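Subject: Structure for you to look through

Dear colleague,

Here is the structure that I promised to pass on to you. Please open it beside this message and read the two together.

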Amino acid sequence: MAELAVIVPTFNEKANVLPLIEAVDRALAGIEYEIVFVDDDSLDGTSEHVRAVAQANPRVRILQRINRKGLASAVIEGMMSTSAPYLAVIDGDMQHDERVLPQMLAKLKQQQLDIVVGSRHVEGGGMGDFSKSRVLLSNAGKALSRSISKTPVSDPMSGFFLLDRRFLDDVVRELSSTGFKILLDLLASARRPVKLGEVGYTFRLRERGESKLNIIVSLEYLRLLLDKWVGAYVPVTYLIFGVVGAFGVLVNLAIIFLLLRFGIEFSQAFIWSSSLVIAVNFFLNNALTFRSRRLQGAGLIVGLVLFYLACLIGLVVNLGIANSLREKGFPLWLSGLTGVTLSSVWNYWVTSILVWRAHRRGLRRPALPA
Ligand SMILES: Nc1nc2c(ncn2[C@@H]2O[C@H](COP(=O)(O)OP(=O)(O)O)[C@@H](O)[C@H]2O)c(=O)[nH]1
Ligand SMILES: [Mg+2]
């Protein structure tokens, strides 16, 4: 039975699969391990490739998730899919140095730690040939991380760590499971001091495949922070939906104001501007609020139509409530605010169910490259 499970989240990493398996096997000589790939239905056939390799190598396993996205949730589900008492998490692109895994495991066991983090910022560690902007981003994230986790760690943004399953069991129900920063999520979810150790390593450059880190993924980090700050009181998805909505209202007002200045009649200006802003909100919600179930291709068009319908009903609800409160003698601001709040709850509720849930089933992955 495997003592150590190595969890590898992947999205479009086909070219890295074999080199990684070989490198991990060399590194873990003498240790009973299994390697679990958690692939979010990659477009390059990573899942199929891992399955083919697994036919000849019983240490290799694959969990292929359909219509799901997200590094953090992939890692958690990979960890939950194995019975190994020790769990390591490593990127699938060979940027982490698998050769320090035995040292991490030994340290965890000898010092009876909860978690050992592969760190680029302790002795023996380094950022390698890393661009200035990435180092800067990493440092900013690190500074913010202190607001949600008390555990001192030199590299809270690391995606390379090894933990004791008992620690996972303690925190698994508190996890936000959102975004890229699963280590920070684990540390911030602990209700007791975490016994943490660090082992240095040098971050390698990616040689094959492409990085999935982009500006939106960085925004996902804010989502994790938000969830840890206020998630106990308001669902973060609703909060982001609200921010997108408020942004829409402001843009709408600005456009109406502009159109009026160009001599366009108010009702015309209102209709044109609102129609545009609803579409903008739809795409923002698709990219941010509901990112983990975002629509693509034909689903995007169906979703947009449904979103228009829902918003239209929301608008009628908003006006209806505001008007009737006004007639009952409530102040204008209270009537308006109540209308907007109730219609935003309606919009959120109906679009999260109708637009970003029902149509997941219809999603199709494009044909694999030959
Ligand atoms: N399962 C899964 N893996 C992902 C996802 N996004 C990124 N990954 C994997 O997570 C690891 C780190 O991603 P990478 O793009 O290299 O991030 P970077 O090193 O910060 O540029 C790689 O193995 C990716 O294939 C995702 O949404 N789902
Ligand atoms: Mg990488």
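What follows is a short account of what was found in it.

Please keep in mind that this is a predicted model, in which local features need pLDDT of at least 70 and side-chain atom pairs count only at pLDDT 80 or more, while totals for chains, interfaces and linings use all residues. Residues are numbered from 1 along each chain as its sequence is written, chains are lettered from A and ligands numbered from 1 in the order in which they are written, and side-chain values use heavy atoms, with hydrogens and water left out.

The chain as a whole

The chain holds 12 helices and 7 strands, where helices (H or I, at least four residues) and strands (E, at least two) are DSSP runs numbered from the N terminus. Its C-alpha atoms fill a box of roughly 75 × 50 × 40 Å along the principal axes. Of the 370 residues, 45% are buried; buried means under 20% relative accessible area, exposed means over 50%, and partly exposed lies in between, with a 1.4 Å probe and protein chains only. If we take the contacts (heavy atoms within 4.5 Å) between residues at least 6 apart in sequence, 78% of them join residues at least 24 apart.

Helix H8 covers residues 215–230, and because each of its 16 residues is taken at 1.5 Å, it should span 22 Å, which agrees with the 23 Å between its end C-alpha atoms. The expected span is 1.5 Å times one less than the number of residues. The buried residues of H8 are Val217, Glu220, Tyr221, Arg223, Leu224 and Leu225, and what covers them includes helix H5 (132–145), helix H7 (182–189), helix H9 (236–261) and helix H10 (266–289).

One residue of H7 deserves a look here, namely Asp185, which is buried with a relative accessible area of 0%. Leaving aside neighbours within four places in sequence, Asp185 is in contact with Leu175, Ser176, Ser177, Thr178, Leu224 and Lys228.

In the loop between H8 and H9 you will find Gly231, which is partly exposed at 26% relative accessible area. With neighbours within four places set aside, Gly231 is in contact with Leu226 and Val236. Although Gly231 and Ser176 are 55 residues apart along the chain, their C-alpha atoms are separated by 8.7 Å.

Two positive phi values

Asp41 has a phi near 55 degrees, a positive value in a residue other than glycine, and sits in the loop between strand S2 (33–39) and helix H2 (46–56). Gln112 has a phi near 45 degrees, also positive in a residue other than glycine, and lies in the loop between helix H4 (101–110) and strand S5 (115–119). Are these two residues buried or exposed? Asp41 counts as buried because its relative accessibility is 14%, whereas Gln112 counts as exposed because its value is 60%.
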